[in-house]
Amino acid sequence: MKNNIFPKDFLWGGAIAACQSEGSWNINKGLSVADLAIKYDKTVSRYERKLVTQKKLDNLLKETDTKKFPKRFGIDFYNYFEQDIKMCADMGFKVFRLSIAWTRIFPNGDEMHPNEHGLNFYDKVINSIVQNGMQPLVTINHFDMPVNLVTKYGGWKNRKLIDFYLKFAEVIFNRYHKQVKYWISFNEINGARFNVFYSTGLVKDSSDNHLQDCYQAAHHQFIATALARKKIHEYRNDAMMGCMVAKFTTYPATCKPEDVIEAQENERLDNFYFIDPLIRGKYPSYAKRFWKENNINLNILKGDLQLLEQNPCDYLAFSYYMSSISAANKENLEETEGNLKSTFKNPHLKASEWGWQIDPIGLRYTLNQLYDRYQTPLFIVENGIGAEDDFVNGKIEDDYRIEYLKTHIEQIKEAILDGVELLGYTTWSSIDIISSGTSEMRKRYGFIYVDLNDSGKGTLGRYPKKSYYWYKDLILNNGDNN
Ligand code: BG6
């Protein structure tokens, strides 16, 4: 037992995203890319599911059976938010991570004026978070850009997107800067590599060089982040604008130098390529070789690099769910699932029901790796286990969730002892919501069970799980009873 390790003001909490929770997809709101995500069918490969071609997009837009799109309905946070926020506050949350749906504020993304109905909704949500004694941590864009910005402008490869995003960001900064200190510009900005359509709105066959478009889109998101960071600091000096990545931690499968190099290459291209411009203010040295070898010719305007250099993010946020292994020769590796991409099996690790490998020590390793490299405050904004919970007589005995979180928090303690500066920890998720990757409901992450099934049926009743009381006690003791 190690006591008093977490700082007194450590931000304990949980996270959700608008597009997976709110529902009310067509109430004073435009269509978002998340509203086009159909429920995962196991017969369809991951590649197929993620691939959005023009033909597929046209078909999705024509689809009239709204029930095929679970994210349109979420868990009805739109109507239940007061109850949900109160339950999280009762757990002792210090911080509540949420996102603002771009399509509620600018339904098409390119309007002149914001939608007052949407702002009224977030006025109530953010007031409720603050009145319940929590800090809101707001993700400006979480996988739900307006579809109109895809069909009319071609997504983030178009530089105009920076202006639309900034207009949206400025409206919410202006409205909420007094209540919101902590911001994240984009959820998992390395989605430009792994979750292309939902992160950047790029349609695969819309150009001859899709990879070029992905990295151009990422460049535009880096610039948008730097400009947003600059803007929020005009509103409040102490604002904290973070950038966020899905952290893909990988180990060499063996000590063979070829495997070690492969692991290094994966860490670089999956993570650091996206973090460096936003924290160090410059692209890493190996970017040039990567661009050249992949026929990528970025259009970087005069002033872009200077802007990045002058506006590094105030902290680095990341999601951490699992780890993987890397080898030069993949023939003997067994594939398994993971966040945003498939990974390779590590014989020393167990996995979740969805095949994501559980690696608490990897979190300590990751925290140290990121802090050594960037020397900037870190924030774990997603960590948790997706599982099928059994709802028996109004109770959910989710010991596996407690075990997952407990072992990860134990390793966070070690990392803090190692000297890592960590601002907070928001689990994924605070309440059960629709899965991002598969749009399933049965893949649950929350402390609060929502009575809703994969067919969209259920009372929508909210029930605290066993983990709810465990986390409440943990926060009460500032992590010391773990
Ligand atoms: C992260 C996303 O990639 O992982 C979340 O930011 C998502 O939106 C979470 O829900 C867990 O992934 P999934 O696919 O299990 O919901």
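This is a predicted model: local features need pLDDT of at least 70, side-chain atom pairs count only at pLDDT 80 or more; totals for chains, interfaces and linings use all residues.
Student: How are two packed helices described?

Tutor: Two packed helices are described by the angle between their axes and the distance between the axes. Start with α4, residues 77-90, and α6, residues 116-131. They pack at an angle of about 10 degrees, and their axes are 9 Å apart. Angles under 35 degrees count as roughly parallel, so α4 is roughly parallel to α6.

Student: Is the crossing of α4 and α6 left-handed or right-handed?

Tutor: Left-handed.

Student: Which residues make the contact between α4 and α6?

Tutor: From α4 come Phe77, Tyr78, Phe81, Glu82 and Ile85. From α6 come Phe121, Lys124, Val125, Ser128 and Ile129. Sorted by class, the contact has 7 nonpolar, 1 polar and 2 charged residues.

Student: At what angle do α16 and α17 pack?

Tutor: About 25 degrees. Helix α16 covers residues 399-417, helix α17 covers residues 466-476, and their axes are 8 Å apart. That angle makes α16 roughly parallel to α17. Their crossing is right-handed.

Student: Which residues of α16 and α17 make that contact?

Tutor: On α16, look for Asp399, Arg401, Ile402, Leu405, Lys406 and Ile409. On α17, look for Lys466, Ser467, Trp470 and Leu474. By class, this contact has 5 nonpolar, 1 polar and 4 charged residues.

Student: Now α12 and α15. How do I read their crossing?

Tutor: Again, take the angle and the distance between the axes. The axes of α12, residues 257-279, and α15, residues 360-374, cross at roughly 40 degrees. They come within 12 Å. The two helices are therefore oblique to each other. The crossing is right-handed.

Student: Where do α12 and α15 meet?

Tutor: Find Glu267, Phe272, Ile275, Asp276 and Ile279 in α12. They meet Gln369, Leu370, Arg373 and Tyr374 in α15. These residues divide into 5 nonpolar, 1 polar and 3 charged.

Student: Let us turn to the backbone. What should I expect of phi and of peptide bonds?

Tutor: Most residues other than glycine have a negative phi, and most peptide bonds are trans. Now look at Asn295. Its phi is positive, about 60 degrees, although Asn295 is not a glycine. Asn295 sits in the loop between α13 (287-293) and α14 (304-310).

Student: Which peptide bond is cis?

Tutor: The one from Trp428 to Ser429, with omega near -10 degrees. Ser429 lies in the loop between β14 (422-428) and β15 (448-450).

Student: Last, the ligand. How many residues surround the ligand?

Tutor: There are 15. The closest are Gln20, Glu188, Ser436, Lys443 and Tyr445.

Student: What lies 2.8 Å from an oxygen atom of the ligand?

Tutor: A polar side-chain atom of Asn339. Tyr321 also has a side-chain N or O atom 3.4 Å from an oxygen atom of the ligand. For Gly437, look at the backbone: a polar backbone atom there is 2.7 Å from a ligand oxygen atom.

Note on methods
Residues are numbered from 1 along each chain as its sequence is written. Side-chain values use heavy atoms; hydrogens and water are left out. Axes are lines fitted to C-alpha atoms, for helices over the stretch in contact, and angles run from 0 to 180 degrees between N-to-C directions. Helices (H or I, at least four residues) and strands (E, at least two) are DSSP runs, numbered from the N terminus. Angles under 35 degrees count as roughly parallel, over 145 as roughly antiparallel, 65 to 115 as roughly perpendicular and the rest as oblique. A crossing is left-handed if the near helix is turned anticlockwise from the far one by less than a right angle, and right-handed if clockwise. Contact means heavy atoms within 4.5 Å. Ala, Val, Leu, Ile, Met, Phe, Trp, Tyr, Cys and Pro count as nonpolar, Asp, Glu, Lys and Arg as charged, and the others, Gly among them, as polar. A residue is near a molecule or strand if one of its heavy atoms lies within 4 Å of it. A polar contact is a pair of N or O atoms within 3.5 Å; within protein, one must be able to donate a hydrogen and the other to accept it, and residues adjacent in sequence count only if both atoms are side-chain atoms.
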